[in-house]
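The exercises below concern a single protein chain, shown next.

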Amino acid sequence: MTEKAMRPEDITRLFVERSNAGDAAGVAALYEEDAVLAYPPGGVTRGREAIRELWERVLANRPHFEPEEPLPTLISGDIALTSTAPKDGAGARAQVVRRQPDGSWLRLLDMPEFVPVEQQP
């Protein structure tokens, strides 16, 4: 059985593990059915199935992802904001996650690359 994110911060770790294993379906399983991903850069991918298809293409190149330390999580009821300070200098990564009926958490909104205006080329 695939491990579920039982804390909002678990999603980042599971994302890295599954991406590095080439598991696009496992990555997509971290998202709600109607999730929105701000990727590829300048674009938006909507829905778990489209996210799976996107990650199949991305992971075909066998990229390696480094774990990033989560910043403090902000939780309000069943909604949480998670973020990391990227090691690749992308500026920030932020996700809105929602608690599921079984107590696990899934991504609803994902902005993996946000570069503040003053850092943009």
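**Exercise 1. Determine which elements cover the buried residues of H3, and how those residues are arranged about the helix**.

*Solution.* Step 1. In this predicted model, the cover over the buried residues of H3 includes H1, helix H2 (24-28), S1 and strand S2 (45-46).

Step 1. With buried taken as under 20% relative accessible area, H3 contributes Ile51, Arg52, Leu54, Trp55, Val58 and Leu59.

Step 2. H3 comprises 12 residues and spans 16 Å from its first C-alpha to its last, close to the 16 Å expected at 1.5 Å a residue.

**Exercise 2. State how many residues of H1 are buried, and what follows for the helix**.

*Solution.* Step 1. List the buried positions of H1: Asp10, Ile11, Thr12, Leu14, Phe15, Val16, Arg18 and Ser19.

Step 1. These are eight of the 11 residues of H1, so the helix is largely enclosed by the rest of the structure.

Step 2. Continue past the end of the helix. Just after H1, Gly22 adopts a positive phi of about 75°.

**Exercise 3. Describe the largest pocket: its volume, its centre and the elements that line it**.

*Solution.* Step 1. The volume of the largest pocket is about 450 Å³. Its lining consists of 23 residues, of which Phe15, Phe65, Glu68, Arg93 and Pro112 are the closest to the centre.

Step 1. Assign the lining to secondary structure. At least two residues each come from helix H1 (10-20), strand S1 (31-37), helix H3 (48-59), strand S5 (92-99) and strand S6 (105-114). The greatest share is that of S6, with four residues.

Step 2. Sort the lining by class: 11 residues are nonpolar, four are polar and eight are charged. Phe15, one of the residues closest to the centre of this pocket, is also among the buried residues of H1.

**Exercise 4. Give the volume of the second largest pocket and the residues that line it**.

*Solution.* Step 1. The second largest pocket has a volume of about 150 Å³.

Step 1. Its lining is formed by Thr2, Glu3, Lys4, Ala5, Arg18, Ala29, Leu30, Gln100, Asp102, Ser104, Trp105 and Leu106.

Step 2. By class, this lining has five nonpolar, three polar and four charged residues. Arg18, which belongs to the lining, is one of the buried residues of H1.

**Exercise 5. Locate the cis peptide bond and the non-glycine residue with a positive phi**.

Step 1. The bond from Tyr39 to Pro40 is cis, with omega near 5°. Pro40 belongs to the loop between S1 and S2.

Step 2. Arg62 is not a glycine, yet its phi is positive, at about 55°. Arg62 is placed in the loop between H3 and strand S3 (74-76). With a relative accessible area of 55%, Arg62 is exposed, the cut-off for that class being over 50%.

**Exercise 6. Is Thr45 buried or exposed, and which residues is Thr45 in contact with?**

*Solution.* Step 1. Thr45 lies in strand S2. Its relative accessibility is 9%, and Thr45 therefore counts as buried.

Step 1. Neighbours within four places in sequence are set aside. The contacts of Thr45 are then Ala35, Val36, Leu37, Tyr39, Pro40, Ala50, Ile51 and Leu54. Among them, Ile51 and Leu54 are buried residues of H3, and Tyr39 and Pro40 are joined by the cis bond.

**Exercise 7. Carry out the corresponding analysis for Leu81**.

*Solution.* Step 1. Leu81 is located in strand S4 (residues 79-84). A relative accessibility of 38% makes Leu81 partly exposed.

Step 1. Beyond its neighbours within four places in sequence, Leu81 is in contact with Pro72, Thr73, Leu74, Ala94, Gln95 and Val96. For Gln95, the separation is 14 residues in sequence and 5.7 Å in space, C-alpha to C-alpha.

Conventions. Residues numbered from 1 in each chain as written. Predicted model: local features only at pLDDT ≥ 70, side-chain atom pairs only at ≥ 80, totals over all residues. Heavy atoms only, no water. 1 Å grid on protein atoms, 1.4 Å probe; cavity = no way out; pocket = protein on both sides within 12 Å on 5 of 7 lines; lining within 4 Å. Points joined across faces, edges and corners; volume = space filled by probe spheres on them. Nonpolar A, V, L, I, M, F, W, Y, C, P; charged D, E, K, R; others polar. Expected span 1.5 Å × (residues − 1). Buried < 20%, exposed > 50% of the residue type's maximum accessible area, 1.4 Å probe, protein only. Arc of directions from axis to C-beta. Contact = heavy atoms within 4.5 Å.
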